[in-house]
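Subject: Structure handover

Hello,

Here is the structure for you to look through. Please open it first, then read my notes below.

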Amino acid sequence: MPKITQLLFDCDNTLVLSEELAFEACAELSNEMLAKHDISDRYTGPALMTTFVGQNFRGVVSGLQQKHGFKLADSEVDEYVSRELGKVIETLEAKAEPCVGVMPVLEQLDKSKKYGMAVVSSSALSRVQASVKKVDQEKFFPPDHIFSAATSLPVPTTKPDPAIYLHACKVIGKEPGECVAVEDSKSGTLSAVRAGIPTVGYVGSYGGVIKQKEMAEVLKEAGVKVIMDDWSQFMDCLAQIEAM
């Protein structure tokens, strides 16, 4: 394996506890969408998160159309995505917190200068920027090394498409094998793995031991190299990958 010189972090529920907050806003707009098409099903934030965790809202809208058999015009999708982004950013700027234990690890990595660090997310760039700024993480990442599948690419996409990871590697100037990704979702893991990037699966943001064990199995099946349930384990996980 090539020498690891670059770390690529997912944002939502990997660096920042933001998924639950974001899906509250997603659920409100999703239910509006369903009601408009005379569909009786309704989603809570947690239910929507269980179904679509790791995807951006454009991906959620696409999934809802497929699941419930309705069709939105491209202009309608764009309007919903824009409205969701505004709601989510407002919520994150007020309530977002860092994932438990991540700050000391980022500080240690930053001081060591051994690895470059970047954020690779499905979420819109302005949302990711708002998240890392609110929790005082923006100092760890160069502004041009925060990447969004919804914003940074010529054609918007979402994980599990590997395009955003491949784009990040190209911009940073690294081969996928020189990088390690950290992901908490199946879609995110598949995105990194399909790009050829060794991946650490993080399950610490899932509530309860049972759910963490379930997600650990899901992420292993998706291709992660190692699992961590607490950020204090990261350096050991990284060393395991470097030794492979």
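**Helix α5**

In helix α5 (residues 102-112), five residues are buried: Val-102, Met-103, Val-105, Leu-106 and Leu-109. They sit on the same side of α5, because they cover an arc of only 160° around the axis. Pro-104 and Lys-111 are on the other side of α5, and they are exposed. Keep in mind that this is a predicted model.

What do the buried residues of α5 pack against? Their partners are β1 (6-9), β3 (97-98), β4 (116-121) and α10 (234-242).

Now look just after α5. There, Lys-113 takes a positive phi of about 60°. Lys-113 also forms a salt bridge with Asp-110, with the closest N and O atoms 3.6 Å apart. Asp-110 is partly exposed, at 26% relative accessibility. Lys-113 is exposed, with a relative accessible area of 63%.

**Salt bridges**

The count comes to eleven salt bridges. Start with Asp-12 and Arg-127, whose side chains meet at 3.0 Å, N to O. This pair links distant parts of the chain, 115 residues apart. Asp-12 is in the loop between β1 and β2 (16-17), while Arg-127 is in helix α6 (residues 125-134).

Are these two residues buried or exposed? Asp-12 has a relative accessible area of 5%, so it is buried; the cut-off is under 20%. Arg-127 has 7% relative accessibility, so it counts as buried too.

Arg-127 has another partner. It forms a salt bridge with Glu-84, where the closest N and O atoms are 3.9 Å apart. Glu-84 lies in helix α4 (residues 74-95) and Arg-127 in helix α6, so the pair ties together parts that are 43 residues apart in sequence. Both Arg-127 and Glu-84 are buried.

**The largest pocket**

The largest pocket has a volume of about 350 Å³. It is lined by 22 residues. Closest to its centre are Met-49, Thr-50, Thr-51, Val-53 and Tyr-206.

Four helices each supply at least two residues of the lining: α1 (19-36), α2 (45-52), α8 (186-194) and α9 (209-222). Which of them gives the largest share? That is α2, with six residues. By class, the lining of this pocket has ten nonpolar, seven polar and five charged residues.

**Two cavities**

A search of the whole structure finds two cavities of 30 Å³ or more.

The largest cavity has a volume of about 80 Å³. It is lined by 14 residues. Nearest its centre lie Asp-10, Asp-12, Glu-19, Gly-54 and Ser-122. How many nonpolar residues does the lining of the largest cavity have? It has no nonpolar residues, but seven polar and seven charged ones.

The second largest cavity holds about 50 Å³ of space. Its lining includes Glu-19, Phe-23, Phe-57, Glu-84 and Arg-127. The elements that give two or more residues to this lining are α1 and α3 (57-68). The largest share, four residues, comes from α1. By class, the lining of the second largest cavity has five nonpolar, two polar and three charged residues.

**Where to look again**

Best wishes

Note on methods
Residues numbered from 1 in each chain as written. Predicted model: local features only at pLDDT ≥ 70, side-chain atom pairs only at ≥ 80, totals over all residues. Heavy atoms only, no water. Buried < 20%, exposed > 50% of the residue type's maximum accessible area, 1.4 Å probe, protein only. Arc of directions from axis to C-beta. Contact = heavy atoms within 4.5 Å. 1 Å grid on protein atoms, 1.4 Å probe; cavity = no way out; pocket = protein on both sides within 12 Å on 5 of 7 lines; lining within 4 Å. Points joined across faces, edges and corners; volume = space filled by probe spheres on them. Nonpolar A, V, L, I, M, F, W, Y, C, P; charged D, E, K, R; others polar. Salt bridge = Lys/Arg side-chain N within 4 Å of Asp/Glu carboxyl O.
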